[in-house]
Amino acid sequence: MSTQLFGEKVPRVEDQRFLRGQGRYVDDVLVDTPSATLHAAVLRSPHAHARILDIDVSDVIDMDGVHLVWTHEDLAGAMAEPLPLLIPHPALTHGRTQYTLAKDTVNYVGEAVAFVVADDRYLAEDALGRISVSYEPLPAVVGIESARAAENLVHDDVPGNVAARMEQNVGDAPTAIDAAPHVLELDLSIERSAAMPLEGRGTVARWDHDTSRLQVWTSTQASTGVRAAVAAKLELDLGQVDVICPDTGGGFGVKINHPWPEDLLVTRAAQVTGQAVKFTEDRREHFISAAHERAQEHHIRVGFDDQGRVQGLDVEFWHDNGAYTPYGLIVPIITSTQLLGPYKPANYRVRFDSLYTNTVIVTPYRGAGRPQGCFAMERTIDAIAAHLGLDRTAVRAANLIQPDEFPYDQGLIFQDGRPLIYDSGDYPAMLEKIRKLIGWDEFEQFKAEAEAEGRRVGIGLGCYVEGTGVGPYEGAHVHVETSGKVKVATGLTTQGQGHQTAFAQVVADTLDVPMEDVEVVTGDTRRMSYSVGTFASRAAVMSGSAMHLAALRAKEKALRLAADALEADEADLKMVDGSVQVKGSPSNSIALGTLAVLSNPLRYAFDKASQAATQFSVGDQDKPPVDEDDEPGLEGRDFYSPNRSTFASGMHAAIVETDPETAEIKILRYAIVHDCGRMINPMIVEGQIHGGMAQGIGGALYERMAYDDSGQLLNASFMDFLMPYVTEIPGEIDVDHLETPSPLNPLGIKGAGEAGVIPVSAAIAAAVENAEGFSITSMPISPAELYDLRQRHAEHTSTTSARPPKQDGSGEESA
Amino acid sequence: MTSTETRHDVLLTVNGVPHRLNLPARRLLSDCLRHDLKLTGTHVGCEHGVCGACTVLIDGKPTRSCLVLAVALDGQEITTVEGLTNPDGSLGCVQQALLECHGLQCGFCTPGFMTTIEAGLKQQPAPTDDEAREMVAGNLCRCTGYQNIVGAVHRAAELKRDSR
Ligand code: FES
Ligand code: FES
């Protein structure tokens, strides 16, 4: 038995090609045949809300090197219909999606209006410049306040700009709050941000006239979804469309939405022109025509006892869903359910409105509604502690679900339509770990010393629970070739998570073959046509489990064949390093490659493996060569479909320093305790946490979409949208793990992809509040905003000097 | 490419190999490398000079290839990520260090970091932690959170010292 790879920090196999510049990203596809590839560009609306009066493309039609120009009028059949509403929900009473190319009106700056295909991208953009569109501008709805006021409507037929209204109840929160000894109310908000992968969207398509098949490469998180959408829109059979997700330069959620207008336009153009067509999004386009997330405002009412135990929690929030709702209500549903984190309020009511605005659509971005929910809940807990004068960790401890309470039913319906039941965890142990890791108990002294030097420092905590490994299913196919090499495929896609390594570890362990012999392919519908996609921290749980199950099937067959060939009992056999051996008799063995030959009763011998196989005979002479419930080949295929999600958890703690003069916020220390069950590759898990945490810092301190009142995005470039460089990330991050295995899957794993980002705004807001002594209720927070808050707070305290401010105060007590 | 655009002859030496090209004036170096020379290891993350993904070395100096016109570089030497590998095909020190330290995830920003570090270590063969951070402070990575990239700067310096 070779050493187990599960749990090891195995170096990534995909890095070899990335480091050599040999990755194949979507814009790299077909560069070797430049003359055969045409390039597309999209004319986008310059208005947030306008009626299209006329589009004149006459100046473009005869341009040298231009092959095609389309507006909505040029589209027919399903292509002329609105894009699909991917995830309908009964509460989404007024779902709306855009057209592939705008028809009559545009509803956000960036909406696709016309499409050009030319010899190269430079020419295609020249052509866009010659299209003239006359618009009649309409008043724009920008921001939640304006959407709620509904003085103007985004869609004429959507009253109040309300796409959906949803409510869930556990017990009777309003009554419980009224009966509680203490009641607080808080208003908390988070601004708009975006996933912003370094590689934007992109699609390449090639139509093969000889076979009537379409081949599509696209930078997506769901290649099977793109396949189905393209087939439906182009009115092709599924079997005529192959979709391949090549190497992808990050996704973080934004690439789960599909089909994008460009997916359909590029594939259709490939069919019409008979040439390959490529669309590569540029950075400004990504800002104004991909997707954003996060903008939400929350109003909270909470009732609690003297120990800070929550007796009733009533949350109402408003979610900005942008101009259309192609991805349904996933984000606000996640906020409304995952807000509860590791806590068990006795009674809970949550209501939300999902609102239209004339801005870019909103679809999940890493964390997907959880950073907002975590912020709302953690700020509430901190407010309770401040109100009662209790330690913030003590109030958390008083509200935590205990280890012996699992499975714990929160009484809600989760985003997958299944009950929100936590499978496992140990939150009190985690709280202890984070207190130690950050030095919670020593902090008061540090703070006192710092204050004596005129410095302001603060400490904060953020705790979360994340439903990961959302169903419905994922599959894997394991094929042992006659060379003994193991070719493995799963349908979900990869954006940098190291799936080729992690899944190979699982398969190599299960089959006991050298890892170098295992090759993993993801996101290629030719290799695995059934799949759901990469989102909701589900890849390791879903495909990892499916890999294990599929490899087990291949193993069963290998043992059965080997028993026959070696004339031994199956129970006396074991897999060792690429072959099957009789236990205690290593010379009595047969290589997996040879078994692959034997598994396929063919009359031709091609190679050495076939020759080697001739010394063995398998099969019963009285039975057909391929028996009734058997198949040729040494393969295993299986699907993993869990009853419900598995729940990972974590706690972050931050120590910040705020500059007394400039109000700059500096993170002095950051600590993370994380529990994603058993880890396949702790190196990859830590990398995911580091990356998520950096995105969290962006969301807490720097990143926001600056829309003006007319709906122009003022910071649509990397110059103005401030993503963290290394200089914005603390030098040292302490990470510690807890591993409570999930009982729901064979490997005991939970997802890790999104976790790092979730509690960062909550932890940093708490730390800034602790440093400053007044409440922080809105994130991100810039130095200018902190400065303003100081001014306002100073005015406030001078006018209400009768009542001293609470040192750690946040929230206001209501009657 | 249309026949109407004026084209210019240029000689670019890329990773030691001379290329004679006939290009329109507006062709960006990044597009020239990727599309004309098919060296797709150089990536384009923003096309406005901020992310650093497209960084190549021009006569040894790290430069954003999305901000330079190819025709302006006649006679100059360019090194891209494809040129960082050892002559025997094994990984160069910077590449090896990123591998060992898990300094990349999606790999999209990585070529720009590698060319930047390659040049940086020539200036500072033994960087302090602050210097290592400073070295990569102009490049964006959305995946890694930078911790392991900074680690890789130190490791690459070590490997370079050992290989000397
Ligand atoms: S692509 Fe050149 S700096 Fe971003
Ligand atoms: S590794 Fe993905 S952007 Fe850096």
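Predicted model: local features only at pLDDT ≥ 70, side-chain atom pairs only at ≥ 80, totals over all residues.
User: Which three residues of chain A lose the most area to chain B?
Analyst: Between chain A and chain B, 59 residues of chain A are in contact with 54 residues of chain B. The area buried between these chains is about 4,700 Å², with carbon and sulfur atoms giving 58% of it. On the side of chain A, three residues together account for 18% of what that side buries. They are Leu19(A), Tyr122(A) and Leu198(A).

User: What distance separates the closest N and O atoms of Glu703(A) and Arg142(B)?
Analyst: Across the interface of chain A and chain B there are four salt bridges. One of them joins Glu703(A) to Arg142(B). A salt bridge requires the nitrogen and oxygen to lie within 4 Å. For this pair, the closest N and O atoms are apart by 2.7 Å.

User: Which helix provides the largest share of the side of chain A that touches chain B?
Analyst: The interface of chain A and chain B holds 22 residue pairs in polar contact, both residues being at pLDDT 80 or more. On the side of chain A that touches chain B, at least two residues each come from helix H1 (15-19), helix H3 (121-129) and helix H18 (682-702) of chain A. The largest share amounts to eight residues, and the helix that supplies it is H18(A).

User: How many residues of domain 1 of chain B take part in the contact with domain 2 of chain B?
Analyst: In chain B, the domain assignment places domain 1 at 7-83 and domain 2 at 85-162. Their C-alpha centres lie 21 Å apart. Domain 2 of chain B brings 15 residues to the contact, and the number from domain 1 of chain B is 19.

User: How many salt bridges are counted between domain 1 and domain 2 of chain B?
Analyst: Between these domains of chain B, the buried area is about 1,100 Å², and carbon and sulfur atoms give 60% of it. Six residue pairs are in polar contact, both residues at pLDDT 80 or more. The count of salt bridges between the two domains, however, is zero.

User: Which strand gives the most to the side of domain 1 of chain B that touches domain 2 of chain B?
Analyst: The residues on this side of domain 1 divide into eight nonpolar, nine polar and two charged. Two elements of chain B give two or more residues to it, namely strand E3 (55-58) and strand E4 (61-64). The greatest contribution is three residues, and the strand that gives them is E3(B).

Terms used: Residues numbered from 1 in each chain as written. Chains lettered and ligands numbered in written order. Heavy atoms only, no water. Domains from an automatic or database assignment. Contact = heavy atoms within 4.5 Å. Buried area = accessible area lost by both parts, 1.4 Å probe. Salt bridge = Lys/Arg side-chain N within 4 Å of Asp/Glu carboxyl O. Polar contact = N/O pair within 3.5 Å; in protein donor to acceptor, adjacent residues only side chain to side chain. Helix = DSSP H or I, 4+ residues; strand = E, 2+ residues; numbered from the N terminus. Nonpolar A, V, L, I, M, F, W, Y, C, P; charged D, E, K, R; others polar.
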